[in-house]
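Walk me through this fold.

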Amino acid sequence: MIQQQTHEPHNWEKVLWKRPAYPDNYVPRSLFLASSRRNPNLRLYTYWPLVTLSCSITQHLAIIFVFLARTLDPRSLVCISVLCFFIGYATWNALDGKGDSSDRHSNHLKTLKSSIMMFLALMSLSPVLRTLTAATSSDSIWALAAVLFILNALLADYTATEPESAHEGLSSVLSMNAAVSASVVLASRLATDVSVFALMLFSIQSFALFPMIRHRLQSSPIAAWLLITIALSILAVWLVADLSRTVMWLYISILFFVTLIAPAVLIWAQRYKNIIRGPWDAAIPKVN
């Protein structure tokens, strides 16, 4: 509360390093509301830039539905996953062209070694994963997978990162773990070890490697960014349509809302933002 005084000091200053004759929380009546500010850090959004930013969410949802609507033979899926890996790695190198040639050669060897180790680990674990949930009903498996994929979409990191500032936050790691866990429980319902291996390999490509590429691609030209979004959305709709028309229209509705309606709702809600700053807030030291 503001301390009431019978007189106002003429030399009042809002500083903490002096010892004035009045309390630390004292503010003169004539200056109490003079320094109040409304929405000091307000950033007004516009529609189309928000639509462009929402494309990262659209791409992530498209990848989830593509993964769930897989209809390929396991061996074909393995070949496609390997091809996508090389395309993604080439794209990564193209976006991160700076650096010493010796460092880039060392990174290539590390990437090749890690890829081979991951490939062999998935092959060796496929028989174990196939029988992991043999005693669990399929309804429970699908419910658990749905919850995990929802967590994956909610916790995913949709921000753009520059090549020199790339990092993995806690939410993105939790998102990846949720998607991989959902893939494990779904793979445990498959009949053959090859099918389990193909599904897990495709899961690593979709939920561990693709988000890293997506962060870099957000700094690419808008035309390329929109083209990737449209291509993934069309692919997801086409694959889902072969399984269920109801799910297809549900997915189209989600994409339409996330990409076009949600930015408009955010712009409409900005008019109700009302944050008032004043001398009653905690002091923020200014260090030169």
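A salt bridge is a side-chain nitrogen of Lys or Arg within 4 Å of a carboxyl oxygen of Asp or Glu. This is a predicted model, in which local features need pLDDT of at least 70, side-chain atom pairs count only at pLDDT 80 or more, and totals for chains, interfaces and linings use all residues. Residues are numbered from 1 along each chain as its sequence is written, and side-chain values use heavy atoms, with hydrogens and water left out.

How many salt bridges does the rule give? The count is 1. Arginine 130 and aspartate 193 form a salt bridge through their side chains, at 2.6 Å from N to O. Arginine 130 belongs to helix H4 (residues 101-130) and aspartate 193 to helix H7 (residues 193-217), so the pair ties together parts that are 63 residues apart in sequence. Helices here are DSSP runs of H or I with at least four residues, strands are runs of E with at least two, and both are numbered from the N terminus. Side chains of opposite charge can pair when their charged atoms come close.

Are the two partners buried or exposed? The scale is this: buried means under 20% relative accessible area, exposed means over 50%, and partly exposed lies in between (1.4 Å probe, protein chains only). Arginine 130 is partly exposed at 29%. Aspartate 193 is partly exposed at 30%.

Now step back to the whole chain. The protein chain has 9 helices and 2 strands. From the N terminus on, the order is α-β-α-α-α-α-α-α-α-α-β. Of the 288 residues in the protein chain, 32% are buried.

Helix H2 (residues 47-68) holds serine 56. Serine 56 is buried, with a relative accessible area of 1%. A polar atom of the serine 56 side chain lies 3.5 Å from the backbone oxygen of tyrosine 158. Glutamine 59 is also in helix H2. Glutamine 59 is buried as well, at 0% relative accessibility. Its side chain and that of threonine 229 are joined by a polar contact of 2.8 Å. A polar contact is a pair of N or O atoms within 3.5 Å; within protein, one must be able to donate a hydrogen and the other to accept it, and residues adjacent in sequence count only if both atoms are side-chain atoms.

Next, the rings. A pair of aromatic rings is described by the distance of the centres and the angle of the planes. Rings of Phe, Tyr and Trp (its six-membered ring) pair if their centres lie within 6.5 Å; planes under 30 degrees apart count as stacked, over 60 as edge-to-face and the rest as tilted. By this rule there are 10 aromatic pairs. Phenylalanine 85 and phenylalanine 86 make an edge-to-face pair, with 5.6 Å from centre to centre and 70 degrees between the planes. Phenylalanine 85 is partly exposed, at 22% relative accessible area. Phenylalanine 86 is exposed, at 53%. Elsewhere, Phe67, Phe149, Phe202 and Phe207 form one aromatic cluster.

A ring can also meet a charge. A charge sits over a ring if NZ of Lys or CZ of Arg is within 6 Å of the ring centre and within 35 degrees of the ring normal. The charged end of arginine 216 sits over the ring of tryptophan 92, 3.8 Å from the ring centre.

Patches are made of residues with over 30% relative accessible area and no salt bridge: like charges are joined within 9 Å, nonpolar side chains (Val, Leu, Ile, Met, Phe, Trp, Tyr) within 5 Å. Accessible areas come from the Shrake-Rupley method with a 1.4 Å probe; for residues, only the protein chains shown count as cover. Which residues make the nonpolar patch of about 630 Å²? They are Phe256, Phe257, Ile261, Val265, Trp268 and Tyr272. Isoleucine 261 is located in helix H9 (residues 245-269). Isoleucine 261 is partly exposed, with a relative accessible area of 32%. Phenylalanine 257 lies in helix H9 and is partly exposed at 45%.

Last, look at pairs that are separated in sequence. Phenylalanine 257 and threonine 58 are 199 residues apart in sequence, and their C-alpha atoms are 9.9 Å apart. Aspartate 73 is in the loop between H2 and helix H3 (74-95). Aspartate 73 is partly exposed, at 40%. From aspartate 73 to alanine 198 is 125 residues in sequence and 9.0 Å in space, C-alpha to C-alpha. Proline 285 is in the segment after strand S2 (276-277). Proline 285 is exposed, at 69%. Proline 285 and valine 15 are 270 residues apart in sequence and 9.5 Å apart from C-alpha to C-alpha.
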